[in-house]
Amino acid sequence: REAAHFRLHAGPHVAGDLPPVLDLELDKANLSAPALVAWALAFCAEASSLFGVRPIVYTYSAFWASQLGRTQSLAGYDAWVANYPSKTPAEDAPFPAFGAWKPRLWQYTQKLAVPGLTGGFDGNRFLGTIDELRALARPAL
């Protein structure tokens with residue numbers, strides 16, 4: 001139901017859009033790790049069907065370790081990982097081990113300054129080539 005609700009409000013996936021993103025950083029239902037992973041896999045399968053593209057899964061290392069039980073079951077989906085280094089980010093992002101699940105996108109800060117705007121903003125980087133980014137932004141499974 002949640003994937004259908006998401007699709008209803010997000011609209012169709014069109015060329016140039018990044019795939020829809022499942023944000024896994026809070027478990028209000030207090031599910032066990034196996035139950036949360038099963039739910040995430042079911043959501044991703046349904047979202048793939050509804051949008052026509054495989055979703056991206058957003059999380060951070062502590063949540064992956066504690067709430068998702070260090071699962072490798074989600075490795076078939078691209079990962080978007082929040083990891084805030086203490087120094088300026090390098091091209092090769094420093095990530096904790098995620099096993100076979102390789103990050104494609106990296107949120108390196110939530111304190112990015114944007115000229116003319118107040119507050120901090122999320123800073124993100126795609127971990128690939130421009131051609132890989134273009135391929136990711138096409139609506140095809």
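Which side chain meets that of Arg-134 in a salt bridge?

The partner of Arg-134 is Asp-131, with an N to O distance of 3.3 Å; a salt bridge here is a side-chain nitrogen of Lys or Arg within 4 Å of a carboxyl oxygen of Asp or Glu. Both residues belong to helix 4 (residues 130-136), three residues apart, and are therefore separated by about one helical turn. Helices (H or I, at least four residues) and strands (E, at least two) are DSSP runs, numbered from the N terminus.

Asp-131 is exposed at 53% relative accessibility, whereas Arg-134 is partly exposed at 46%. Buried denotes under 20% relative accessible area, exposed over 50%, and partly exposed the range in between (1.4 Å probe, protein chains only).

## Basis of the model

The model is predicted: local features require pLDDT of at least 70 and side-chain atom pairs pLDDT 80 or more, while totals for chains, interfaces and linings use all residues. Residues are numbered from 1 along each chain as its sequence is written, and side-chain values use heavy atoms, with hydrogens and water left out.

The whole structure contains two salt bridges. One of them joins Asp-78 to Arg-104, with the closest N and O atoms 3.7 Å apart. Asp-78 lies in the loop between helix 3 (61-66) and strand 3 (79-82) and Arg-104 in strand 4 (residues 103-112), so the pair ties together parts 26 residues apart in sequence. Asp-78 is partly exposed at 23%, and Arg-104 is partly exposed at 22%.

Leu-36, in helix 2 (residues 33-51), is buried at 5% relative accessibility. Leaving aside residues up to four places away in sequence, Leu-36 touches Asp-27, Leu-31, Phe-63, Gln-67 and Leu-68, contact meaning heavy atoms within 4.5 Å.
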